[in-house]
Amino acid sequence: MRIAIVDESAARASIIEEGLSELADCDLVVITERRGMLARMAEIDPDIVLMNLGNPSRDMLEEYFAVSRALARPIAMFVDEADDEAIVASVEAGVSSYVVDGLAAGRIRPILDLAITRFNAFARLQSDLAEARGKLAERELVDKAKRILMQSKGLPEPKAYAELRKTAMDQGKRIVNIAEAVVTAHELMSGT
Amino acid sequence: MNTQLTIGFLPLVDACLPILALEHGFAEDEGISLSLVKDLSWATVLDRLLYGHSDAAHMIAPLAIAATLGRGRPAQPLAAPFVLGLNGNAITLAPKLAQRVRGDEEGLGDPVKVGAALREVALERAAAGKPLTFGVVHRYSSHNYMLRYWLASCGIHADKDVDISTVAPPFCAEALELGEVDGICVGEPWNSVAVEKGVGEIVLSTSQIWRRGVEKVLALREPVLEEKREAVLRLIRALCRAAAHFVDPINWEHNAAILARPEYLDGSPELIRRAIADQILIARGGAMIHYPDFMFQYREAANFPWVSQAEWLYSQMVRWDGQTFDRASADKAARVFRPDIYRAALLGTNEPLPGASSKVEGSIVTPTVVGTQQGNMVLESNAFFDGKVFDPQRIEEYLAQLP
């Protein structure tokens with residue numbers, strides 16, 4: 001069985017490839033380039049295509065699968081109603097999959113399950129990284145600024161948020177920048 | 001307690017209403033905490049909607065109907081209670097081709113003349129075994145249907161004489177540049193991006209093909225609409241305020257700057273402002289023209305989901321998917337558009353509500369006063385360029401007389 005893994009992130013593609021390599025009887029082909037993808041697809045003639053949910057080439061590929069005369073066998077999205085749970089899990093993990101019609105579900109499931117596991121593992125890696133970079137702190141910063149405004153100006157929560165947003169808009173800045181200024185000013189004033 | 005709603009969108013100027021409803025606090029005023037999720041393909045926007053990552057989506061109208069009818073995937077009923085805008089798309093051709101088919105016309109071409117000139121090229125190229133290729137943003141998009149409608153009316157068979165393939169909006173300019181396509185039909189700012197790069201020239205606006213063509217809708221899963229009905233009504237009021245704000249010239253500059261931000265369109269504020277202002281730069285270094293109602297986001301109850309619009313889209317789906325007309329499917333498609341919800345949301349406000357929920361598309365050629373449920377309404381021309389009229393009571397007859 002030939003499996004094509006399409007992902008613009010080479011790092012994630014190789015993590016998935018590594019995960020799937022333990023499967024017997026599977027040829028894995030990784031495509032990370034958008035250009036020439038349709039020609040590659042015709043060449044590979046895969047039984048299953050796994051790609052990241054947000055891949056910008058999905059519309060192009062779906063159209064290709066729908067009308068391609070190059071592919072003798074139609075490819076369908078793996079969205080059989082019977083497999084709803086599997087699909088929810090795969091969307092949750094950020095995997096979309098296209099499967100040649102007629103391929104037994106029993107053969108598809110282990111592949112999809114593995115792919116989901118690897119996608120989730122990659123997502124965890126990524127979010128750890130993001131956390132390390134302090135990206136997730138943005139939301140906390142806004143909440144903190146909101147609490148400061150609520151306490152110091154006696155505003156209800158929506159008003160406090162509206163004030164932050166309005167200031168951001170007036171100054172052409174992002175809310176988080178304003179929130180940062182509020183928190184910094186508050187810390188300076190209260191000497192903490 | 002605010003209601004949380006998540007809306008998916010693609011980076012296009014006509015994703016403006018949900019974005020502005022959030023940014024200007026219109027949603028917040030209605031007790032809605034909006035979060036927006038940007039994606040780069042409609043397949044992803046649809047997946048997120050169907051599997052609950054989002055509550056609603058900025059969506060090409062035909063895709064909402066296709067999903068409901070189960071085209072390309074198992075059927076899931078969607079509902080569109082609000083139209084996010086009409087038209088706003090253009091047909092951009094590679095410069096040499098554009099110059100050849102445009103002739104001596106100043107500004108945008110005449111759809112009939114450009115079509116006739118294009119037909120010559122298309123037939124030449126088809127005979128030489130190198131058919132003209134067009135990129136559209138999705139199989140189930142108004143872009144695909146408008147382009148095909150125009151080509152067919154001009155004697156170019158959209159399946160036999162030319163190739164039409166799918167290109168995601170952000171890659172349209174690149175596809176022209178690489179010669180992968182000879183033309184694109186896409187929304188703004190992506191035509192202007194091609195013009196700025198000097199890889200394309202705009203020959204037509206889709207509003208020249210159908211003066212009031214339905215474009216994007218706010219789509220929800222039907223069960224979600226039922227479950228969150230009250231919140232959706234409030235969201236519709238917020239979107240309506242955003243629409244009024246969007247079309248007011250005083251706000252153009254500011255709104256363009258908001259839409260241009262990295263988290264939204266991640267593009268040039270200048271190109272976005274032009275689209276909002278109905279200004280089109282046809283060719284690099286050329287003159288800027290003003291084409292009124294290039295985008296149509298608010299006037300004449302533009303956001304009202306006319307059932308006849310859904311039925312026209314269904315007729316085109318039948319036409320180009322090579323299927324036969326089927327009453328039950330036509331009814332299902334018609335029910336995707338939900339004027340009842342739109343009315344419920346805006347009854348008692350200053351927004352006009354038409355008396356009817358369906359109209360004969362293409363029948364209005366001069367400003368016409370129409371009966372209303374509330375307020376006053378004058379509808380301007382909604383003509384198709386070939387003068388044909390779509391009567392939703394007679395879809396089969398309509399299909400039979402199309403080329």
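**Notes on the predicted model**

1. W150(B) lies in helix α7 of chain B, which spans residues 142-153. Is W150(B) buried or exposed? With 26 other C-beta atoms within 10 Å, against a threshold of 20 or more, W150(B) counts as buried. Leaving aside residues up to four places away in sequence, W150(B) touches P111(B), G115(B) and I209(B). The C-alpha atom of W150(B) is also 9.2 Å from that of T206(B), although 56 residues separate the two along the chain.

2. One open sheet of chain B has 5 strands, ordered β7-β6-β8-β5-β9, and its pairing is mixed. The edges are formed by β7 and β9 (201-205) of chain B, each of which pairs on one side only. On average, neighbouring strands of this sheet are turned by 25 degrees against each other, with direction ignored.

3. Strand β6 of chain B (residues 133-136) runs parallel to β7(B), and 4 bridges join them. In this pair, T133(B) is placed opposite D163(B) of β7(B). Strand β5 of chain B (residues 89-93), by contrast, is antiparallel to β9(B), again over 4 bridges. Here T92(B) has I202(B) of β9(B) as its bridge partner.

4. Which side chains of β7(B) point to the buried face? Strand β7 of chain B covers residues 163-166, and its side chains alternate.

5. Strand β1 of chain B (residues 3-9) is joined to β2(B) by 7 bridges, and the two run parallel. The partner of T3(B) in β2(B) is I32(B).

6. How do helices α1 and α11 of chain B pack? Helix α1 (residues 16-23) and helix α11 (residues 229-247) of chain B meet at an angle of about 100 degrees, their axes being 8 Å apart. The two helices are therefore roughly perpendicular to each other. On the α1(B) side the contact is made by C16(B), L17(B), P18(B), L20(B) and A21(B), and on the α11(B) side by A238(B), L239(B), A242(B), A243(B), H245(B) and F246(B). By class, this contact has 10 nonpolar residues, 1 polar residue and no charged residues.

7. Helix α6 (residues 137-153) and helix α7 (residues 157-171) of chain A pack at about 115 degrees, with their axes 9 Å apart. α6(A) and α7(A) are therefore roughly perpendicular to each other, and their crossing is right-handed. V142(A), A145(A), K146(A), L149(A) and M150(A) of α6(A) meet E157(A), A160(A), Y161(A), E163(A) and L164(A) of α7(A). The residues of this contact comprise 7 nonpolar, no polar and 3 charged.

8. Taken as a whole, chain A has 8 helices and 5 strands. From the N terminus, its elements follow the order β-α-β-α-β-α-β-α-β-α-α-α-α. Of its 192 residues, 31% are buried. Of the contacts in chain A between residues at least 6 apart in sequence, 63% link residues at least 24 apart.

9. Finally, the two chains touch. Their contact involves 23 residues of chain B and 22 residues of chain A. On the chain B side, α3 (42-50) and β7 each supply at least two residues. The largest share on that side comes from α3(B), with 4 residues. By class, the side of chain B that touches chain A has 9 nonpolar, 8 polar and 6 charged residues.

Conventions:
Residues numbered from 1 in each chain as written. Chains lettered and ligands numbered in written order. Predicted model: local features only at pLDDT ≥ 70, side-chain atom pairs only at ≥ 80, totals over all residues. Axes fitted to C-alpha atoms, helices over the stretch in contact; angles between N-to-C directions. Parallel < 35°, antiparallel > 145°, perpendicular 65-115°, else oblique. Left-handed = near helix turned anticlockwise from the far one by under 90°. Contact = placed C-beta atoms within 7 Å. Nonpolar A, V, L, I, M, F, W, Y, C, P; charged D, E, K, R; others polar. Buried ≥ 20, exposed ≤ 12 C-beta atoms within 10 Å, placed from the backbone. Pairing = 2+ DSSP bridges.
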